[in-house]
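Visitor: I have a structure open here and would like to go through it with you. Could we begin with the charged side chains?

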Amino acid sequence: SPMMEAVDGNGGPSRGSGSRSRSPRKQAKVRAKDDTIETIEKAIKKDTNGTTLNGEEVDSKESRVALVSRSARRIEAALITVTKNNQGEGGAPVYCLAALAGVAGGQGRLIRLVPDVGHFWSHDSLPRELDRAHARPRDALPDEPLWAFWPAVVGFEPGTLPDHIQGPHKLDDVVTRNMTFVKWVKEPQQLYDTLSQMSFHRFGDVWPQSVWASERGLMPEAEVPSLALFSGHIRDVAWRELKSPSVEIDIDGRFLRLPYAAHRCHGPEKGWGMLRWMKGQPGCVFLLGLGRKWEREDASAECPVLLLRIFPGC
């Protein structure tokens, strides 16, 4: 079956060791005892004081000449969402990946995993295990909606983006080579708590008003993050025929209506059940990302803001 299509049945990851009758509402109240975040934070990192390799500091002068094995250069990150579009060759489906990786001090960093041949991933270039990432859990209740991408830890070798790959807002892009599946995040609540703690409460904390090209898009030349987490709540969800659902979000009193970019990964219902359930929650964490450069008829341009995923708030 095509990559990331919704699959009903017993093919997807289970919710781990919890009770079979545990609903998503109850599960959201349970703090997981999982080592996923610690695993993520054992990444290769560099800072002004030297080089950190898998959590151990290495002298920066030595690191310039030392040979490091390929296995030592591999890092791990938690995939937190995947979106699908039809911008592949001949209209073929391709995918965008966003993940949480570790940085010095135990804090997380949002990154966009990109191949070294372009902006998007083909189905064949991704680990086969991820085919089940949108499957219904084996212990799902009969009336549960189809939830978003189930988080998974992947390992890869970081590379350098070729000069011929052009485009705005590449600060968060990490070239990913030889990506492999490591494990499912069995109980994702700890991961969601971390994302909630990383979230901002105002747009201006990440994207100041001076970089906005319109009410729903940023200037392509603005040197700002392409991925950001915001705390808020959903005001409205609207169904649109032949398009993604439209979601109006409220971030500190500023209302923004955005397309739900991961709709193709939910199958025919396009995430409608999940979005309606999230609307009923007192608070959410929104993962927003910047789309590709879009040029208007008047020669002006912007990068539209997209709603990539919604997480339960703490």
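Visitor: How many salt bridges does a search of the whole structure find?

Guide: The model is a predicted one, and a search of the whole structure gives 7 salt bridges. One of them joins the side chains of Asp173 and Arg112, with 3.4 Å from N to O, and this pair links distant parts of the chain, since Asp173 lies in strand β8 (residues 173–184) and Arg112 in strand β6 (residues 108–114), 61 residues apart.

Visitor: Are Asp173 and Arg112 buried or exposed?

Guide: Asp173 is buried, and Arg112 is buried as well.

Visitor: And what does Arg257 pair with?

Guide: The side chain of Arg257 meets that of Asp236 in a salt bridge of 2.8 Å, N to O, which connects strand β13 (residues 254–259) with strand β11 across 21 residues of the chain. Arg257 also forms a salt bridge with Glu248, at 3.6 Å from N to O. Through shared partners, salt bridges join Arg235, Asp236, Glu248 and Arg257 into one network.

Visitor: How accessible is Glu248?

Guide: Glu248 has a relative accessible area of 17%, so it counts as buried, whereas Arg257 is partly exposed at 26%.

Visitor: Changing topic, where is Ser244, and what does it touch?

Guide: Ser244 sits in the loop between β11 (227–238) and β12 (246–251), and it is buried because its relative accessibility is 7%, below the 20% cut-off. Leaving aside residues up to four places away in sequence, Ser244 touches Pro259, Tyr260 and His263.

Visitor: Which residues of helix α6 are buried?

Guide: In α6 (residues 272–279) they are Met274, Leu275, Trp277 and Met278; these cover an arc of only 160° around the axis, so they lie on the same side of α6.

Note on methods: Residues are numbered from 1 along each chain as its sequence is written. This is a predicted model: local features need pLDDT of at least 70, side-chain atom pairs count only at pLDDT 80 or more; totals for chains, interfaces and linings use all residues. Side-chain values use heavy atoms; hydrogens and water are left out. Helices (H or I, at least four residues) and strands (E, at least two) are DSSP runs, numbered from the N terminus. Buried means under 20% relative accessible area, exposed over 50%, partly exposed in between (1.4 Å probe, protein chains only). Contact means heavy atoms within 4.5 Å. The arc is that of the directions from the helix axis to the C-beta atoms. A salt bridge is a side-chain nitrogen of Lys or Arg within 4 Å of a carboxyl oxygen of Asp or Glu.
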